[in-house]
Amino acid sequence: MRHHGMNSQDNRDHNRAALLSLVRSHGPISRSELARRSGLSKPVVTEIVDSLINANLIYESYKAKSGVGRRPVMLEINQDSLHMLGIDLARTHVEFMVTDLTGNSLKTVRRPLNTESDEFSTLELTRLLAATTKKLMAEYDIIGIGIAHPRPLSSRKRIVVGSEGQPGWIALDVQPALSQETNVPIFVGNDADVAGLYEKWFGAARDLHDFIYVMVGEGVGAGIFCAGALLLGSRGMAGEFGHIKIKSGERECLCGGRGCLETELALPVLLEKASEALGRPLESVEQLSAALEEGSGLVKEVFHGYARTMAIHVGNLINIFDPAGVIMGGEIAHLGKYLEERLHQELGEVVHPLLRDGFTLRFSAAADNMVAKGASILVQEHFFAYPHKYIAEFRG
Ligand SMILES: [Zn+2]
């Protein structure tokens, strides 16, 4: 809770951010609709809208067709005015994506880098980040950088955390690594969290305020959104769904613990079990889909057991957070056709009777590179909350 009061400058900053965010979420939108939705008076809205137009952040796009009397002029975000950079530090590559203010991708650069190999060094990563970022910043008006990583990390300390000696765990303070090349704010986020942000703005969760994004691929993670905001926790590490303990003493997890949910639900584990049942190796989601199409009973049995385990744990998330929807994303989304009905059925048994009819289950339709885009949304979120920190004419 905020305990300090707001002076008139704080008020101005707050109202400006509120109107700009309304144009972002509800645009094209008229001035009178902005006044209605924000509760601000029309003269205040007019004054702020003028300042936003002068700063090139919004523009008058067209006159509304319907309505009696004067047709209102609609306002939209000026997508070309500023750019942000999203970086996906994936396990086998680093992807850089420059996006505009409305999330369009302007440029994508992908560089192979295996962070899980023995030869990997953070120095190599630091050099790659610095060189590519420098090049992109010379080309675009980048106001901030968002970085996503598949492992648990601390967004508050801006350090990707891990346990030493574990492959795939990087202890890297990204701020000093990039600050020599850039003079812009840097945000870090877990890949499931930023993929959830992508779904919130551009994907399957656009109509949802309270939802849980469950990412299943090489690992298992979740982004939990309450009242439109991502739940971060005290250290920025909330939502480590893949590391809840389901069995003690069984398979060792990359986190160093044992019996983590990830060791049961990650896609490679499902492929391994299905391969065993089938008696021949299945190496991809496509091959597993084909085996399910062929109707192998043993593979189906494995798959149903998998759906059951998934339902128990996703169902418990629903019981705790009461979301309006659960979005299944990551590679598992390609199995939606086979998983959806089964999962729905199993969830019916796990979810509290009062919550059963209250949520929707969806599968993401996102492309592979939405994590880089999601990382750039970390910058967007901060920009729209605090535009005065980025735009010189809004200061003081
Ligand atoms: Zn774990």
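Reader: Which residue in β7 does I87 stand opposite?

Author: This is a predicted model, and in it I87 stands opposite I147 of β7. The two strands concerned are β4 (residues 83-89) and β7, which run parallel and are joined by five bridges.

Reader: Which residue is the bridge partner of I147 in β10?

Author: The partner of I147 in β10 is V188. Strand β10 (residues 186-190) pairs with β7 in the parallel sense, again over five bridges.

Reader: How many residues of strand β7 are buried?

Author: Burial is read from relative accessible area, with under 20% counting as buried. In β7 (residues 142-149), eight of the eight residues fall in that class, so the strand is largely enclosed by the rest of the structure.

Reader: What is the strand order in the open sheet of three strands?

Author: The order is β1-β3-β2, and the pairing is antiparallel. Strands β1 (29-30) and β2 (58-63) stand at the edges with a single partner strand each, so one side of each has no neighbour in the sheet. Between β2 and β3 (residues 73-77) there are five bridges, and E60 stands opposite L75 in β3.

Reader: Which peptide bond is cis?

Author: The bond from G27 to P28 is cis, its omega being near 0 degrees. P28 belongs to the loop between α1 (8-26) and β1.

Reader: Where is N56 found, and what is its phi?

Author: N56 lies in the loop that runs between α3 (42-54) and β2. Its phi is positive, about 70 degrees, although N56 is not a glycine. With 47% relative accessibility, N56 counts as partly exposed.

Reader: What is the phi of A227?

Author: A227, also not a glycine, has a positive phi of about 50 degrees. A227 is located in the loop between β12 (220-226) and β13. At 63% relative accessibility, A227 is classed as exposed, the cut-off for that class being over 50%.

Reader: Which residues gather in the patch of negative charge on the surface?

Author: The patch brings together E218, E286, E331 and D368. E331 has a relative accessible area of 37% and is partly exposed; its place is the loop between β14 (325-329) and α11 (336-350).

Methods:
Residues numbered from 1 in each chain as written. Predicted model: local features only at pLDDT ≥ 70, side-chain atom pairs only at ≥ 80, totals over all residues. Heavy atoms only, no water. Patch = residues over 30% accessible without salt bridge, like charges linked within 9 Å, V, L, I, M, F, W, Y side chains within 5 Å. Areas by Shrake-Rupley, 256 points an atom, 1.4 Å probe, with all protein chains shown as cover. Salt bridge = Lys/Arg side-chain N within 4 Å of Asp/Glu carboxyl O. Lys, Arg positive; Asp, Glu negative; His and termini not counted. Charge placed at Lys NZ, Arg CZ, Asp CG, Glu CD. Helix = DSSP H or I, 4+ residues; strand = E, 2+ residues; numbered from the N terminus. Buried < 20%, exposed > 50% of the residue type's maximum accessible area, 1.4 Å probe, protein only. Pairing = 2+ DSSP bridges.
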